[in-house]
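Please examine the sequence and the model displayed here. The briefing below is arranged by topic.

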Amino acid sequence: MSPDNLDIQNSLDKDLIASVTDLKVYFESKQGMVHSVDGVSFDIVDGEMMGLVGETGCGKSVTARTFMQLVQSPPGVLAGGNIKFRSKNIKNGSQVIDLLDLSENQIRELRGERIAMIFQDPGKALNPGLTIRTQVAEVFQEHRENDVLEKAGLKNKLSGVTEYFVKKYIKQEAGFLVTTLLKIPPLSTYKKKIDSGINRLVAEALEETQIPNPTKVMERYPHELSGGMKQRVMIAQAIACNPDLLIADEPTTALDVTVQARVLDLIKELQKRHKTSVLYISHDLSLVRRICDRIAVMYAGQIVETGDAETIFNQPKHPYTQGLINALPSMSHERGKLEAIEGIVPELIEPEPGCRFVSRCMRRKANCEEIDPKLKPISEVDKSHKVACLLYEA
Amino acid sequence: MKKNAQNAGIDEVNFNDSAFKVRLKRNLEILSNVLANPTTVLGLIVVIFMLAMAIFAPVITEPNTPDPYQMPRDWKAARSAPLTPGHILGTTNRGGDVFYGVVWGARTSLKLSILVVTLTVVLGVVIGSVAGIVGGKVDEILMRIVDVFLSIPELIFALAIAAILGPSFTNIILALVIVFWVKYARIMRAQVIRIKQREYVDAAKIMGASKLQIYLKDILPNSFSPVMVQATLDMGNIVLVGATLSFIGLSEAGIAEWGVLVSEGQAGISAGRWWASTFPGLMVFLWALAFNLVGDGLRDVLDPRTETKR
Amino acid sequence: MSNSKNTILSLRNVKKHFPIKEGVFQNVVGQVHAVDGVSFDIGAGETVGLVGESGCGKTTIGRCVSGLEPLTNGDIFFDLTPEKLLALEDFEKHQSEIKNKHLIDEIQSTSNISKIEGDDFYNYRRNCQMVFQDSFSSLSPRQLVSDIVSRPLKIHKVCADNELIPRTIELLEQVGLGKQHLYRFPHQFSGGQRQRISIARALALDPKLIVLDEPTSALDVSVQAQILNLLHDLQKQRGLSYLFITHNLSVIRHMADKIVVMYLGKVVEAGKTEDIFSNPQHPYTKALLAASPDLSEDVMSDMAALDGPIPDPARPPQGCSFRTRCPVSRTECGWEVDDIIRRLEHHETLIDSIKSVHQPDAFNAKLTFETSLSAIELKDVIGTNDIPKQMRKAIKKIEVDGNDVNISFDPVQTVPLVQSDNGSLSRCVLANK
Amino acid sequence: MQIRDYIIRRLMILPILIIGTSIIVFALTRIGGSPIGIYLSHEMSPAEVQEMKERFHLDKPVPVQYFYWIKGVSQGDLGWSGVASAPVVDVFPKKFAATMELAIAAGIVAVSLGIAMGTFAGARRNKISDHIIRVVSVSGASMPLFWFAILLLIIFWVWLGWFPIGRSDPNLFEAIPHPTGFYTIDALLAGNFSAFRDAIWHLIMPAVALGYGATAIIARMMRSSLIEELQEDYVDAAKAKGLAERVVLKKHARRNALVPTVTVIGLTFGFLLQGTVVAEIIFRWPGLGRWMASAVLRGDQATIMAYVMFTSILFLFVNLVVDIIYAYLDRRVVLGD
């Protein structure tokens with residue numbers, strides 16, 4: 001651990017698993033720089049579910065992808081900020097690292113192992129050309145070499161060249177020569193054992209997400225499964241290594257309501273059982289309220305309000321959050337009297353200073369167009385409820 | 001207040017816009033997108049150069065009499081190397097001026113490609129549209145015919161047709177038309193079937209638009225861009241195949257055509273007279289390359305997938 | 001139902017089946033029962049909400065109503081006066097003794113949308129318009145807004161050429177756009193604005209009915225609210241009727257006067273909005289309500305989740321089609337042999353050892369296993385709690401005969417829609433009592 | 001549709017296509033003036049012509065003529081080749097192996113090089129190597145084969161003298177038995193290494209010339225489909241599992257990108273077949289293509305008909321195989337027309 005990492009370590013509160021500070025991700029375009037994520041800060045409390053809510057194009061998905069360095073560059077540009085993350089189960093104990101500082105190889109060790117991700121459309125996030133087994137197996141092969149060996153009954157039983165070959169095979173690093181050698185005796189027996197070991201791990205992982213008949217399902221191709229089933233496979237894959245942080249990017253948007261309910265139940269249950277922290281991204285405020293402990297509301301690349309779920313829902317402070325809640329058709333509204341937020345989302349190309357919401361805001365003040373509001377605690381009492389609005393600045 | 005104007009975006013009032021102006025602006029926008037790609041611009045420059053050469057051929061070199069499309073023969077200067085006075089690119093074994101062939105070959109190629117592309121596009125679009133719209137048995141039969149045509153490699157097919165019709169430039173045109181229309185029929189049918197399922201076609205049906213109206217207003221304009229891309233590519237390909245047929249010997253001997261010239265120059269190669277084949281061949285290559293580059297550029301811009309994203 | 005108003009649309013036992021083609025010759029091997037006997041009425045100025053999950057047939061109904069799909073069976077009547085509706089209902093009840101034959105004939109020739117032709121059909125086209133979910137796909141990318149909105153006016157020659165543009169501007173203004181938007185292409189607008197253009201186009205012919213097929217599903221909540229308000233205002237101003245198709249229950253509660261809940265091509269519950277939301281009768285409706293996070297005010301309440309997949313609509317379960325996922329199923333739900341086979345999903349070895357299934361009808365079958373042990377195992381499994389208790393009770397006979405197992409159930413008819421206490425219709429054996 | 005049904009359907013359409021092709025070929029001979037030309041070997045008197053007409057059923061209606069022709073073809077009667085002064089059936093097998101050897105060699109060059117180049121360029125999008133490969137592949141697709149071949153000839157035969165032309169050194173191959181007709185294989189079977197070297201040496205230039213265009217087409221397709229696959233969500237999902245870039249590329253993206261490329265490879269085969277006509281003329285390769293070229297020039301209809309029929313049937317079969325591979329590889333597709 002290098003000395004400059006030490007002060008970062010000090011700066012992450014003990015109860016947090018991750019903390020995003022002033023994150024800026026821009027995209028190059030013909031018209032100019034698009035400020036998709038523009039100074040986003042929020043914390044994820046260890047063992048809790050954090051909801052990141054916002055409408056289309058507000059930058060929530062980009063934020064999530066930045067955790068894993070999955071933003072394509074170019075056109076993506078990391079313009080500033082950091083994401084501190086407490087990686088807990090690594091050999092030398094828990095340590096705090098800046099996810100954006102990691103090299104390609106370092107982040108790769110974390111992906112799927114300490115941080116995992118569930119994607120919006122399971123139909124697209126599973127490779128159509130590979131069986132479920134092959135795809136789920138990869139997680140174990142990449143990160144759980146020892147478990148595979150143990151399941152195969154080969155732990156501490158291998159040595160020398162055999163061990164080298166077998167490990168290469170598990171890690172998917174085997175070239176043509178090794179692959180061929182593993183197909184002929186005596187090495188082929190090891191290969192068979194490894195394969196059946198992997199099979200058992202995959203079946204267990206699928207079982208965990210309540211997939212009926214895992215040994216059958218795993219031989220299928222993605223298009224042979226229903227949407228809900230595919231999402232379960234994605235979840236199984238994500239939690240296979242029992243990660244510290246699970247990023248769920250609109251995991252139920254592509255599903256029907258009743259299926260959505262099942263998947264949500266499953267995520268919640270697994271989160272409780274494994275004490276995983278979750279960053280749950282959604283456009284649906286009422287859904288997030290239901291399963292998350294804390295919520296951050298995003299608008300046009302910035303966080304406008306954050307706090308615990310009930311507070312945000314019952315005492316929203318930011319005009320945008322209020323508008324969002326009021327726009328939901330609920331019992332209290334008379335027909336045709338929804339409180340819509342008029343206007344449209346501003347362009348994010350080289351935005352001017354000032355509040356992004358100003359053009360649609362019903363409560364704007366004279367200086368809203370000039371001053372960039374900062375995310376600040378609403379009161380001395382409740383430090384966790386923060387809002388970025390001039391109305392609440394003294 | 002700059003910010004507000006920006007936020008309002010398309011709400012800005014510009015009432016003097018007319019439909020014509022907007023369409024013109026949109027087409028210019030597409031054009032500027034096409035021109036944003038440097039390789040496309042390069043292709044376009046070469047295309048313009050070639051077209052200029054074809055159009056101004058009588059100005060660049062003095063036309064041969066009586067038929068300017070026939071190579072002039074200067075038997076005394078046969079086998080001259082390039083940079084010989086009067087024969088800047090040298091001459092062939094039989095005294096044909098390579099420069100004359102290069103310039104008038106452009107004119108021949110332009111004639112060939114425009115005729116073939118126009119005829120094949122019309123034929124293909126009509127047949128493809130009928131197959132796509134009528135569907136059922138008609139579609140099945142038309143598509144089997146298309147399959148049969150596609151099952152003979154195009155050069156061999158054209159070769160056989162031209163051979164049986166007898167060697168002449170007109171027969172090459174005919175042969176190429178017979179071979180090339182199928183592509184357009186296929187593309188057009190696929191497009192029509194794709195567009196037919198769009199909801200705006202449903203919307204037009206619900207309005208009560210007639211089938212002809214739907215075809216002309218909804219289906220045709222929205223399915224034409226791949227045809228246009230293919231036509232651009234074929235402006236090059238047709239010259240490529242046409243020149244190959246000429247090279248094999250299916251044009252009238254002695255006409256000012258690049259393939260004929262390459263073939264004529266071939267005889268001198270073993271004696272080291274490289275120029276008579278190299279220059280006209282280079283012209284075929286540049287012609288095909290230029291149209292290919294422009295076609296690729298068009299495809300990138302007109303691709304329906306990128307279009308919906310914008 | 002009030003007697004003074006006309007009924008704009010009346011669906012009577014509408015069926016739409018799509019053939020399944022398979023094999024080398026693309027032979028028709030079965031029918032997907034996309035819509036399987038649906039009836040409901042839409043009154044003048046009324047909004048009827050059609051809800052259900054994807055694949056339940058709601059969109060197909062929208063397409064049938066707008067005349068895009070011919071019906072397999074049943075009738076759709078347009079604009080019936082109260083007398084005509086009464087006559088029609090009377091005719092259906094007592095087919096043998098037709099009282100006023102000429103009125104029925106008149107209705108058939110002027111109001112039945114699959115029978116009317118020529119001018120009458122043209123008239124229907126003007127009066128029934130549609131707004132689609134995907135505003136990108138429903139607006140031609142190569143037409144200007146002015147072309148799109150004025151097109152219906154041109155087709156029906158509603159106004160003179162020089163009035164075309166003023167009329168178009170008027171329409172745009174009604175949906176909250178203006179003349180500055182006239183000469184723009186659809187891709188230059190945001191999703192909400194494109195949906196407004198679609199609505200303007202639908203309004204152009206001044207229709208009586210608009211079919212709204214998930215008009216706000218692709219939009220963000222804040223924009224959705226704008227569009228819902230607009231739709232409501234237009235309805236008030238023009239006395240429009242809406243057939244509002246959606247999967248979103250909170251939207252439907254906000255918009256609809258009456259609700260029709262569909263499951264597997266059939267109506268499972270229908271009634272007034274308040275009744276259905278305050279006191280749902282059908283277990284499926286209850287599950288849908290519980291699964292919608294924005295409906296229940298109690299945050300901590302568990303979301304009711306339904307077990308199992310939706311059955312294949314090519315072979316929909318007889319009896320009650322919801323019983324395979326129903327948390328409160330009964331013995332009399334109409335269990336059949338397929339249910340047992342579905343349950344065997346969880347018993348790999350058993351389902352693998354089935355050699356053949358001989359099934360003379362849905363309620364009787366002979367399952368042949370590879371070994372007699374498997375046959376006995378099946379009987380054992382059926383005895384355990386892996387099989388719902390109610391289903392077990394419904395089995396009339398189960399006999400092991402060597403490698404064969406003979407199973408039979410009591411045949412049950414399709415569960416009818418019946419009036420329940422709160423006045424809504426529900427298709428459930430529980431309401432049947 | 002099931003893969004099995006799809007294949008059966010394709011197999012059932014095949015005879016229709018073959019019959020269709022034969023009708024076109026037959027029709028061609030009827031357009032081109034006197035169909036009797038096929039059968040004439042020397043000038044004949046009107047009486048003799050009349051007799052020939054009857055002998056070959058040319059006085060009957062056209063459909064009947066077609067029937068007799070097909071009957072003849074199916075019995076191995078492909079007519080008399082004026083160019084070769086021998087029955088077409090006898091000449092065909094000798095020339096066939098030469099052409100196939102060339103086409104297959106070019107095919108191997110094109111497929112291996114094309115896929116490698118396409119993958120390389122697609123994975124390094126917008127880097128220098130990608131630009132170079134793009135230039136090479138765009139120019140390859142618009143390169144006239146007759147010109148490229150002549151350039152190779154000028155440079156490597158006339159100027160540098162590195163490669164010979166023709167098919168082989170006749171001295172080396174006279175002594176060797178020819179069980180397959182493929183000189184490279186025959187030389188290997190005979191264990192004659194210098195003959196093998198000679199065969200390869202003669203093969204390189206024509207194979208490269210012929211293969212260049214096909215390489216370009218395959219590389220271009222591979223590049224664009226790889227780029228498309230790399231944009232898919234599942235590639236991100238694979239990365240999110242912590243897989244190495246190499247595994248993501250090889251196991252996930254490249255595999256799926258190969259699917260559309262396979263179709264192009266099938267079409268490329270037609271490209272290679274037709275290219276042999278030109279390549280064989282220029283490199284003096286004694287194959288079917290060169291025979292066809294001289295038949296074309298001399299109006300030898302029997303040879304033309306036989307050649308066109310043969311290449312299209314071969315092309316049809318190759319594409320059938322490719323389609324089956326495609327259907328097998330791409331499990332996503334709902335198969336159909």
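Predicted model: local features only at pLDDT ≥ 70, side-chain atom pairs only at ≥ 80, totals over all residues.

Residues are numbered from 1 along each chain as its sequence is written, chains are lettered from A and ligands numbered from 1 in the order in which they are written, and side-chain values use heavy atoms, with hydrogens and water left out.

**Chain D**

- Chain D contains 13 helices and two strands; helices (H or I, at least four residues) and strands (E, at least two) are DSSP runs numbered from the N terminus.
- Along the principal axes, the C-alpha atoms of chain D fill a box of roughly 85 × 55 × 35 Å.
- Chain D has 337 residues, of which 52% count as buried; buried means under 20% relative accessible area, exposed over 50% and partly exposed in between, with a 1.4 Å probe and protein chains only.
- Contacts (heavy atoms within 4.5 Å) between residues of chain D at least 6 apart in sequence join residues at least 24 apart in 73% of cases.
- Chain D carries 30 positive and 25 negative charges, whose mean positions are 8 Å apart. Lys and Arg count as positive and Asp and Glu as negative, without His and the chain ends, and each charge is placed at NZ of Lys, CZ of Arg, CG of Asp or CD of Glu.

**Chain C**

- Chain C contains 16 helices and 15 strands, and its C-alpha atoms fill a box of roughly 85 × 55 × 50 Å along the principal axes.
- Of the 433 residues in chain C, 57% are buried.
- For contacts in chain C between residues at least 6 apart in sequence, the share that joins residues at least 24 apart is 65%.
- The accessible surface of chain C is about 17800 Å², with 48% belonging to carbon and sulfur atoms.
- The 48 positive and 56 negative charges of chain C have mean positions 3 Å apart.

**Interface of chains D and B**

- The contact involves 47 residues from chain D and 46 residues from chain B.
- The two chains bury about 4000 Å² between them, 77% of it on carbon and sulfur atoms; buried area is the accessible area (1.4 Å probe) that two parts lose on being put together, summed over both.
- Phe146(D), Trp147(D) and Gln274(D) provide 17% of the area that chain D buries against chain B, more than any other three residues.

**Nonpolar cores**

- The largest nonpolar core has 202 residues, and the members that touch the most others are Phe42(A), Phe67(A), Ile194(A), Ile247(A), Tyr280(A) and Leu378(C). Such a core is a set of buried Ala, Val, Leu, Ile, Met, Phe, Trp, Tyr and Cys residues joined through side-chain atoms within 4.5 Å.
- Another core, of 164 residues, lies apart from it and includes Met53(B), Tyr184(B), Phe163(D) and Phe283(D).

**Backbone geometry in chain A**

- Most residues other than glycine have a negative phi, and most peptide bonds are trans.
- The peptide bond from Pro185(A) to Pro186(A) is cis, with omega near 5°; Pro186(A) is in the loop between helix 8 (176-181) and helix 9 (187-208).
- Asn213(A) has a positive phi, near 60°, in the loop between helix 9 and helix 10 (214-217). Asn213(A) is buried, at 7% relative accessibility.
- Lys275(A) also has a positive phi, near 55°, in the loop between helix 12 (257-274) and strand 8 (277-282). Lys275(A) is exposed, at 61% relative accessibility.

- Leu272(D) belongs to helix 11 (residues 245-282) of chain D and counts as buried because its relative accessible area is 4%. Leaving aside residues up to four places away in sequence, Leu272(D) touches Ala103(D), Ala106(D), Gly107(D), Leu210(D), Gly211(D) and Ala214(D).
- Leu264(C) is in the loop between strand 8 (258-263) and strand 9 (266-272) of chain C and is buried, at 6% relative accessibility. Leu264(C) and Gly57(C) are 207 residues apart in sequence and 6.8 Å apart in space, C-alpha to C-alpha.

Conventions:
Areas by Shrake-Rupley, 256 points an atom, 1.4 Å probe, with all protein chains shown as cover.
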